[in-house]
Amino acid sequence: MGNEERIIALDDVNAGYAEQIALENLSLEVHRGEFLGIIGPNGAGKTTIFKLILGLMEPMAGSVQVLGYSGKEVRKARPRLGYLPQREEIDPQSLGSVLDVVLMGRYSRIGLFRRVRARDREIAQRALAQVQMEKFASHPIGHLSGGQQQRVLVARTLAQEPELLLLDEPTTALDVATQQDLIHSIGGIHRALGLTVLFITHNVNTLIGLADRVLYVNRRLYAIGPPEEILTEPMLTEMYGHEVAILTRPDGRPCVIVGDSHA
Amino acid sequence: MLEWVHYGFMVRALISSLLVGVVCSVVGVFVVTRGLSFIGAGIAHAAFAGVTLGFLIGFSPLALAVVFSLVTVWLIQLVGKKGQLRLDVSIGIFFSLTMALAILFIGLMRSYNAEVYGYLFGNLLGVTRQDLILILIVSAVVLTLLTLFFKEYEFIIFDAEVAEAAGIPTGVLSLLLLTMIAVTVVVSLKAVGVILVFALIVTPAASAYQLTHSLRKMVGLSALFGTTASLIGLFLSYRFDLPSGATIVLTISVIFGLCTAFSPKRKQCEWTRLESTEKEQKKMSNVES
């Protein structure tokens, strides 16, 4: 769990697009060093929370405070936030080597009219090493597998030297083994660097043993607390709209199974 | 062979074709990679409406071409946002609107004006000293701005959403890029014409895209193809008394054909796709077993 320094505060926020409200009366505090898992059904407003934090969207009501900035000034915090959005696979013909892509994470730090320096390259190489992709620095990004590309994009956020990581379903469209590798890397980085992480996922199993708290949102804040309080059969059954069973693995860790557990 | 150097109009044609070849092909890299090819065609037609209005009311055709193309670019963005339309729909609306205006202005002239048709089809040999100075200034400004903001544009091309989230001023830079495209199109009109200018912007960049995974190399190759096509096209035009705009565009089209046919990048991609499919299948069969 992180220390008590509050770095994000959403206070009674309403947000959405035109006539469609995505979030209602949401209040949330995140503390430095914390790993917050965010779960909820599709259209629950999970990504909207990230857009509010990044200042890509303004609340219709309520207030947002990020790293000491509030109101329209929230966008000033952007260079200190590493954001990995949901994405599709990168086109094989896409321009840029792996190192080029990771260096992009440095650009907001370097600033306008300034060039990339040796120190920026060192930081980018270090970020690649943190996701075990340093050997691929000169490869075209489009030639990597989906899992490798996702690691490179995580490295890009790390190269930004952020205080906060916002990861929006980073394991979507990856096979099970690659998901586990990536989750393991993200957990390792969180622990090693003490980074604050907000992690949206549909795969609640990834949060077990990783998240300090889990936020269950469905347009409103439905529940928030330690994983063992939130990831319960009644709560998850309601969230998925299907029966959910929580089994215990041989190593003692719980495992969530969605579907008909009596089949 | 070199008797043409004694003719001022030929020297101006040569220098302007080189400049237009470089600036169009470099701007083209950002047009192609940002998926703005259609908007560029719209700009060319809007500029032509400005040119025809200029001849109709006796005002500077180039100044009005700049005004028309910039206003059209900004309106395309505005209508797209406010009307919640896809960009291609709002471009389609303004593309036909400005062409209709151009035809209307030509109709109102009541007499044939050869200069108007010079802008439509291009006339490198008719480039004046003033035109050349304008092309030189615009080329210098556009290339300097693209160099200054190269890394920001690189980020926007790769992932505009993350670039904005990281604090890159994507809105301002996108508007600046559209403005640079508009101005480049306008100063190139006299040399290659409304109909062909966009080929000189899109085709060298599309050719370079076949050969490299690096944005920097793509810029270099595109500039090389653009200038080569301009020089060869101008030579063919002079030697065989052919329209210069057409010979330039046909030359760059041949270069594009060759680059596509022998693209090592395309072959690599096909190989990579095959290899990754095999890897995925292997992984899946391991998981299943």
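Angles under 35 degrees count as roughly parallel, over 145 as roughly antiparallel, 65 to 115 as roughly perpendicular and the rest as oblique. Keep that scale in mind as we walk through this predicted model, starting with a pair of helices in chain B.

Helix α2 (residues 37-57) of chain B packs against helix α3 (residues 61-82) of chain B at an angle of about 140°, and their axes lie 7 Å apart. α2(B) and α3(B) are therefore oblique to each other, and α2(B) passes α3(B) in a right-handed crossing. On the α2(B) side, the contact includes B:I39, B:I43, B:A46, B:G50 and B:F55; α3(B) contributes residues including B:P61, B:L64, B:F68, B:T72 and B:I76. Sorted by class, the contact has 15 nonpolar residues and five polar ones, with no charged residues.

From here we can turn to the nonpolar cores. The largest of them has 134 residues, and those with the most contacts inside it are A:I39, A:V102, B:F30, B:L146, B:Y153, B:I181 and B:V185. Helix α8 (residues 170-192) of chain B gives the most to this core, supplying 12 residues. Take B:Y153 as an example: leaving aside residues up to four places away in sequence, B:Y153 touches B:F30, B:L146, B:L173, B:L176, B:L177 and B:M180.

Our last stop is in chain A, where A:A245 sits in strand β11 (residues 244-248). Is A:A245 buried or exposed? Buried means under 20% relative accessible area, so A:A245, at 9% relative accessibility, counts as buried. The C-alpha atom of A:A245 is separated by 38 Å from that of A:M60, 185 residues apart along the chain.

Terms used
Residues are numbered from 1 along each chain as its sequence is written. Chains are lettered from A and ligands numbered from 1 in the order in which they are written. This is a predicted model: local features need pLDDT of at least 70, side-chain atom pairs count only at pLDDT 80 or more; totals for chains, interfaces and linings use all residues. Side-chain values use heavy atoms; hydrogens and water are left out. Axes are lines fitted to C-alpha atoms, for helices over the stretch in contact, and angles run from 0 to 180 degrees between N-to-C directions. Helices (H or I, at least four residues) and strands (E, at least two) are DSSP runs, numbered from the N terminus. A crossing is left-handed if the near helix is turned anticlockwise from the far one by less than a right angle, and right-handed if clockwise. Contact means heavy atoms within 4.5 Å. Ala, Val, Leu, Ile, Met, Phe, Trp, Tyr, Cys and Pro count as nonpolar, Asp, Glu, Lys and Arg as charged, and the others, Gly among them, as polar. A nonpolar core is a set of buried Ala, Val, Leu, Ile, Met, Phe, Trp, Tyr and Cys residues joined through side-chain atoms within 4.5 Å. Buried means under 20% relative accessible area, exposed over 50%, partly exposed in between (1.4 Å probe, protein chains only).
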